[in-house]
Amino acid sequence: MSSASPSEDSPTPSEPESALETARLQLHRAADHLDIDPNIVERLNHPRNVHEVTVPIERDDGTVEVFTGYRAQHDSVRGPYKGGLRYHPDVTRDECVGLGIWMTWKCAVMDLPFGGAKGGIAVNPKTLSRDEKERLTRRFTQELRKVIGPNLDIPAPDMGTDPQTMAWLMDAYSMQEGETIPGVVTGKPPIVGGSKGREDAPGRSVAIITQLVCEYYDQPLSETTVAVQGYGSVGANAARLLDERGATVVAISDVNGAMYDPAGIDTATVPSHDEEPEAVTEYADTVISNDELLTLDVDVLIPAALGNVITEANADDIAADYVVEGANGPTTSTADSILADRDVMVIPDILANAGGVTVSYFEWLQDINRRSWSLERVNDELDEEMRAAWDAVRTEFENRDITWRDAAYIVALSRIAEAHEARGLWP
Ligand code: NAD
């Protein structure tokens, strides 16, 4: 069985598609290639639990406001649940479920002993003072306290949350448990058990995978041109590492537009989103739009800003040979099929940006062992894990006539299904 089209009963997503639609579509596509018990596929179509809680907080003006929070836990056959917590007005139950399923695939493709989860609160964090955000986080932690923990479910930062949020979560949880438990959450500041190298890790993994793609296709990095959409944590770190390693980064962008220089940008001199928000175009001699950046004739395109930016509308105009997904879900399923027909190689997010969750795993190991690692060790072990995952995906890619994305999902689903088979259904 090696059809590259979705199974007949798999959902047909609309554009822009939701995380849940994509997650289910990918599950069915991968299952079509594998001889898996359909009962396991049916189980994986649904989350194990979705916790919905109300989170009342006192605003600074003395009024009380009640927010809704979620934690979707998808599958824990290979270990505790793992995934981010986001504070964003668009957070919904379904979005948490979809993103939680993605985390299951991401952890499995990296062979980490975790399953997927995602959660968050439907709130605009920009409307909260620091004190309100702290109260919200502490109360949310209390509401979730029975269902999270270092052996149960380990949250991490996501949109609208940061290392400080994770420190409050760790503190609130630890105070209630009566002991300091850093392993309940990752992405903390290093002083309270965070890992060195965590912030840079997703961009670093994007750079490592881009380098492996170039090696695989005999494309010397010194002769490779790269365009990167988004100059934040993922995009700037990926661009700078590739620049350091000899690639020519010709375009980088933020929400205001893109800097373009066909001779190559000195990426170290342009501030990232963290260093000076939304300043890329101020440093540029030539500014182009984000839409133009996506269709530049470069060797490698790295969308590292938002989801659903490569769509049915522009997939025919993508001129890059390789797309390495830095953002989560930058390519819609329809665009993915168009790119596959055009032989544009798309290396999926669940592999390329998985450095974040991988270093989160290292952080958890450091926390439960009460021993911190050097930055050199973190980066060396990340490199090793990325290469191992790449090798597993490459083997499937070579053995079957499929896309890189399908190969990654097949690696992930085979591991999860095998674990379910081995453990069996209880009682
Ligand atoms: P960030 O906030 O650090 O940076 C985002 C960048 O994208 C900024 O430069 C911003 O100006 C730019 N941007 C925003 N809207 C844009 C638009 N409409 N067009 C072009 N550029 C735009 O974010 P990040 O942490 O780098 O995350 C980027 C993507 O990577 C997201 O999809 C995120 O989910 C994904 N991701 C992040 C991590 C992580 O740990 N940071 C891990 C895995 C995946």
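Two strands are taken to pair if DSSP finds at least two bridges between them. Helices (H or I, at least four residues) and strands (E, at least two) are DSSP runs, numbered from the N terminus. The structure is a predicted model, in which local features need pLDDT of at least 70 and side-chain atom pairs count only at pLDDT 80 or more, while totals for chains, interfaces and linings use all residues. Residues are numbered from 1 along each chain as its sequence is written, and side-chain values use heavy atoms, with hydrogens and water left out.

By this pairing rule, β7 and β8 form a hairpin with 2 residues between them. The two strands pair in the antiparallel sense over 4 bridges, and Ile252 stands opposite Met259 in β8. The chain passes from β6 through helix α7 (residues 233-244) to β7 in a right-handed β-α-β crossover, meaning that, with the strands pointing away from the viewer, the path from the first strand over the helix to the second runs clockwise. Residues are classed as buried under 20% relative accessible area, exposed over 50% and partly exposed in between (1.4 Å probe, protein chains only). Strand β7 (residues 248-254) is largely enclosed by the rest of the structure, because 6 of its 7 residues are buried.

These strands belong to an open sheet of 7 strands with mixed pairing and the order β9-β8-β7-β6-β10-β11-β12. Its edge strands, β9 (287-288) and β12 (345-347), each pair on one side only. Strand β11 (residues 322-324) is joined to β12 by 3 bridges in parallel, with Tyr322 opposite Met345.

An open sheet of 5 strands, also with mixed pairing, has the order β1-β2-β4-β3-β5. At its edges, β1 (49-58) and β5 (153-157) each pair on one side only. The twist averages 25 degrees from one strand to the next; axes are lines fitted to C-alpha atoms, for helices over the stretch in contact, and angles run from 0 to 180 degrees between N-to-C directions. Helix α4 (residues 130-144) packs on this sheet, touching β1, β2 (64-73), β3 and β4 (115-122), and its direction makes about 140 degrees with that of β1. Contact means heavy atoms within 4.5 Å.

A nonpolar core is a set of buried Ala, Val, Leu, Ile, Met, Phe, Trp, Tyr and Cys residues joined through side-chain atoms within 4.5 Å. The largest has 90 residues, and those with the most contacts inside it include Ile209 and Ile252. Helix α13 (residues 404-423) gives the most to this core, with 11 residues.

Salt bridges (a side-chain nitrogen of Lys or Arg within 4 Å of a carboxyl oxygen of Asp or Glu) number 24. In the pair of Asp158 and Lys118, the closest N and O atoms are 2.7 Å apart. Asp158 lies in the loop between β5 and α5 (163-177) and Lys118 in strand β4, so the pair ties together parts that are 40 residues apart in sequence. Asp158 counts as buried at 18% relative accessibility, as does Lys118 at 6%. Arg86, Glu95, Lys118 and Asp158 are linked in a network of salt bridges.
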